[in-house]
Amino acid sequence: MTPNPTAVGNPFAGAKNQQERRERITRWLLRLVTFFIVAVTLGILALIAIKGSPVVFRSQWPFVNTKFLTELPSTLHVIEDVKGNKQEVEVGHADEVKAGLGDNFHSETTISYSGGGILGPIVGTALLVLVSISVALFLGVSCAIYLSEYAKHGKFLELVRLAILNLAGVPSVVFGLFGLGAFVLTAPVFTHMPMDRSILIIPLGFTTLSFEGWDTCVLSGGFTLAFVILPVIITASEQCLQAVPQGFRETSMALGATRWQTIRYSVLPFAMPGILTSSILGIARAAGETAPIMFTAALAFKDKLPWQKALPPLPADASIFAHWEQSVSRLLGVFTESVQALPYHIYTIAAKIPQNEYSERAQYGSVFVFLVLVATLAATSIWLRRRLRAKYRW
Amino acid sequence: MPALQSPPPPPVVQVREMDFCYGSSIALEGINLAVERYRITALIGASGCGKSTLLRCINRMNDRVPGARVTKGEILVKGKNIHDDDVDLTQLRKQVGMVFQKSSPFPKTIYENVAYGQRTHGVKSKDILDDAVERALRHAALWEELKDRLDQNALGLSGGQQQRLCIARAIATRPDVLLMDEPCSALDPIATLKIEELMHQLAREFTVIIVTHNMQQAVRVSDYTAFLHLGKLVEFAETDALFSNPRQKLTESYLRGTFS
């Protein structure tokens, strides 16, 4: 650059104005982009809150729409009289209302899934998340411990890491099909009467092990979702394990602890807060996925909660034990039932064309509840992590 | 000296003609060392001379390093070759304790830190644990300071206390040999002094091998000194003799600080 002739006596003179302008423009561009992203995020949240909260909250006691939160979805009937007054009624009462109107009856519209509440989907999503996060944490943490503490560095380890990274990139609908093939149709079950579709039957004497699948149920869906979130959990857990100071391991081994004792008492407890944090991401993802559960666990509509399965009635003189046994089987049976799930429910309502004010209401209400649930889960994990942090800080 | 003296006790640690490699590079070559029981032996030398590596050979801590291995010779502890197949590493490390350069108490209570070794060896009885913790803390001159706050987090202690806690933790399993890898290098002079006093106490019941880069410290605490240079043991003698009258040129120039 040619020296500025006017700047005699100032050896550091430069083309200051131009540089400053460029600097300012760059800074403002970057700032605007950032603000834009924040604005979009807030916009989405605001839209959901504005449209969804009137569905969930009420201005009078008990301030929440208990019906929306405690009933199962049903078909909404909207009956209009000749004066144009509209009346929303449930399936069972439609005829009654119509008869009451008599000649004043004008028209009736039915909107599927938009009546009642969303208890079914809430329960279903909760169960799916519970199963998937348990399975994923167990598998993921075990895998991370192996990779971080036992495996020798080398080609094989690189290959494993590559495989895990790739797993994270698999489209979720592929996981859905995998779950359908692996868990719904071929996973092993103990049964006395194997089904025809069973691929392999291994007699065990007292019973048989039949590879006939678990059917569409919470278990199948939960396992499928577990594989969706595994990469996140493994990668994050491994990082958390690596973040525990090497000194802890050395000291522990030098005191004569075995490798497993070292991991159990001097590594894992200190990595746990981080692992739990990473599971927040996993929970949110598992709760939000639709494709993996479409074929494995979720139904568009179900008129029973998972524990309301019809069991053969007990004889009147049944013992306490029989009652107790039935309660237990009812409780465990929750996992072998198909369920409704929030994301799939939202999809079902939203995919119905044409949309109207009633379906929109059900839709935003569900989305709002969904968002609040995920946020609550995340908050719980953060709280848990802070408590553990306080206990195990180094 | 009386004519009828009992034969000298056998060395508790004996290194014979040992070569040690990290992968393909030789870290130690032809090491011979005999450590006498209830004495303090100091390993001195410039950074990278292999003194820490030698120390870590004695409780096989180098096993953790990929590619590290003894290629020749042997190490005997209490007369047993520690690389024999029937040597249980956890037992070896229980009897050859180690204190590291950077004091690293676990972020657990003081009690749990000291009891760690005993617990990993399956001791469950509260009485035995209490007893071991108290004895170890007394040995490390910490009992009076800490007896009322055993249930507090060890990370709340000062640097010097932390290091003495690590010593207490290492001796809680009643080892024969205590290895110390530059135990004072991160401490201030007063804390260092305390540790050095402690070491004289410890030498009554344990055999101490200490790596130090502080020559004054070697003079102050040790009975024997080994000088290592570039992976070789140059000179090994009683500390007074080595410092006042080194036999090797290399030792002399190192002690005088005129290393080329």
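Q: How many residues of chain B are in contact with chain A?
A: This is a predicted model. On the chain A side, 19 residues take part in the contact between the two chains. On the chain B side, the number is 21 residues.

Q: At what angle do H3(B) and H6(B) pack?
A: The axes of H3(B) and H6(B) are 6 Å apart. From H3(B), the contact uses B:Ile110, B:Asn113, B:Val114, B:Tyr116 and B:Gly117, and from H6(B) it uses B:Leu165, B:Ala168 and B:Arg169. By class, these are 5 nonpolar, 2 polar and 1 charged residues. The angle between the two helices is about 35 degrees.

Q: Why are H8(A) and H9(A) described as oblique to each other?
A: Helix H8 (residues 246-254) and helix H9 (residues 259-288) of chain A have axes that come within 9 Å. Angles over 145 degrees count as roughly antiparallel and 65 to 115 as roughly perpendicular. The axes of H8(A) and H9(A) cross at roughly 140 degrees, and the pair is therefore oblique.

Q: Which residues of H9(A) meet H8(A)?
A: H8(A) passes H9(A) in a right-handed crossing. H8(A) contributes A:Phe248, A:Arg249, A:Ser252 and A:Met253. The contact of the two helices divides into 3 nonpolar, 3 polar and 1 charged residues. The residues from H9(A) are A:Thr262, A:Ser266 and A:Val267.

Q: What distance separates the centres of domain 1 and domain 2 of chain A?
A: Chain A is divided into domain 1 (24-64), domain 2 (70-116) and domain 3 (119-302 + 338-391). Taken over C-alpha atoms, the centres of domain 1 and domain 2 of chain A are separated by 35 Å.

Q: What radius of gyration does chain A have?
A: Chain A contains 13 helices and 6 strands. Its C-alpha atoms fill a box of roughly 100 × 70 × 40 Å along the principal axes. For a compact globule of 394 residues, the radius of gyration would be near 21 Å, but chain A has 29 Å.

Conventions:
Residues numbered from 1 in each chain as written. Chains lettered and ligands numbered in written order. Predicted model: local features only at pLDDT ≥ 70, side-chain atom pairs only at ≥ 80, totals over all residues. Contact = placed C-beta atoms within 7 Å. Axes fitted to C-alpha atoms, helices over the stretch in contact; angles between N-to-C directions. Helix = DSSP H or I, 4+ residues; strand = E, 2+ residues; numbered from the N terminus. Parallel < 35°, antiparallel > 145°, perpendicular 65-115°, else oblique. Left-handed = near helix turned anticlockwise from the far one by under 90°. Nonpolar A, V, L, I, M, F, W, Y, C, P; charged D, E, K, R; others polar. Domains from an automatic or database assignment. Rg over C-alpha atoms; globule rule 2.2 N^0.38 Å.
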